[in-house]
Amino acid sequence: MKAIRKSQTHLDANLDTDVAWARRKESINGALKMFRQVLDAVQRHAEWVETHHDISAVQLWALWELVQAPGMRVVDLSRTMAIPRPSTESLLVGLLERGLVRRQENQVAAGPEHFFATADGQHLAEASPQHAQNVLKAAMAHLPEATLGEMTHALSALVEHLPMRKESAARQPLTEILRPEGAWSIPAKTGTRPR
């Protein structure tokens with residue numbers, strides 16, 4: 001990969017070239033430091049949840065979503081968490097096996113099941129409200145709409161310049177990307193896959 005030359009960048013025309021280049025490098029370093037803080041916060045959050053609740057941060061997030069909107073289908077939870085359906089199914093299987101979630105068949109017609117947090121699951125989700133939701137999503141929810149739009153636009157431009165990006169990573173939980181062994185999920189057993 002070639003290094004970016006000074007002539008390839010867009011520098012502030014109102015400044016001396018050396019000053020403009022120094023400010024640009026300072027801005028890049030500042031952004032790198034903030035990205036590191038974001039990833040560190042996600043990692044620390046995941047470790048805190050695992051230590052205090054003996055489940056993964058993603059499982060706790062799924063429980064929190066089910067407490068907020070009881071009766072979600074797999075597709076609803078998948079959409080809400082912005083993760084693929086197979087990952088959502090694995091999450092639900094793990095939560096079902098631990099007795100933190102229950103499923104209810106569709107009473108009207110043969111259709112998808114609906115999922116609810118059990119009393120234990122609800123207690124767990126409500127025990128640490130500041131840790132229950134995805135830490136990054138919760139932080140973004142505090143941003144003004146204009147700031148969120150600017151951030152999305154800027155990150156979109158950044159992603160376009162990433163040489164080794166993988167489109168499917170956009171729907172993976174950050175904890176899975178940071179720890180690719182997938183410790184947050186329990187593989188689905190035959191016959192227990194949610195519909």
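**Entry 1: overall fold.** I read the protein chain along its sequence and noted the pattern α-α-α-α-β-β-α-α-α-α-α. I recorded that this is a predicted model. My tally for the protein chain is 9 helices and 2 strands.

**Entry 2: burial and surface.** I looked up the burial of the protein chain and found that 31% of its 195 residues count as buried. I then noted an accessible surface of about 12800 Å² for the protein chain, with 56% of it belonging to carbon and sulfur atoms. Turning to contacts with a separation of 6 or more, I found that residues 24 or more positions apart account for 59% of them.

**Entry 3: the core.** I kept in mind that nonpolar side chains tend to be buried together in soluble globular proteins. I located the largest nonpolar core, which has 28 residues. I listed I55, L63, M81, L92, V101 and F115 as the residues with the most contacts inside it. At least two residues of this core come from each of α1 (17–53), α2 (57–68), α3 (74–81), α4 (85–97), β2 (114–117) and α5 (119–127). I noted that α2 gives the most, with 9 residues.

**Entry 4: α2 against α5.** I examined this helix pair and found that the axes come within 9 Å and cross at roughly 105°. Angles of 65 to 115 degrees count as roughly perpendicular, so I describe α2 as roughly perpendicular to α5. On the α2 side I listed L60, L63, W64 and V67 as making the contact, and on the α5 side G121, Q122, L124, A125 and E126. By class, I recorded 6 nonpolar, 2 polar and 1 charged residues in the contact of α2 with α5.

Definitions and conventions. Residues numbered from 1 in each chain as written. Predicted model: local features only at pLDDT ≥ 70, side-chain atom pairs only at ≥ 80, totals over all residues. Heavy atoms only, no water. Core = buried A, V, L, I, M, F, W, Y, C linked by side-chain atoms within 4.5 Å. Buried < 20%, exposed > 50% of the residue type's maximum accessible area, 1.4 Å probe, protein only. Helix = DSSP H or I, 4+ residues; strand = E, 2+ residues; numbered from the N terminus. Axes fitted to C-alpha atoms, helices over the stretch in contact; angles between N-to-C directions. Parallel < 35°, antiparallel > 145°, perpendicular 65-115°, else oblique. Contact = heavy atoms within 4.5 Å. Nonpolar A, V, L, I, M, F, W, Y, C, P; charged D, E, K, R; others polar. Areas by Shrake-Rupley, 256 points an atom, 1.4 Å probe, with all protein chains shown as cover.
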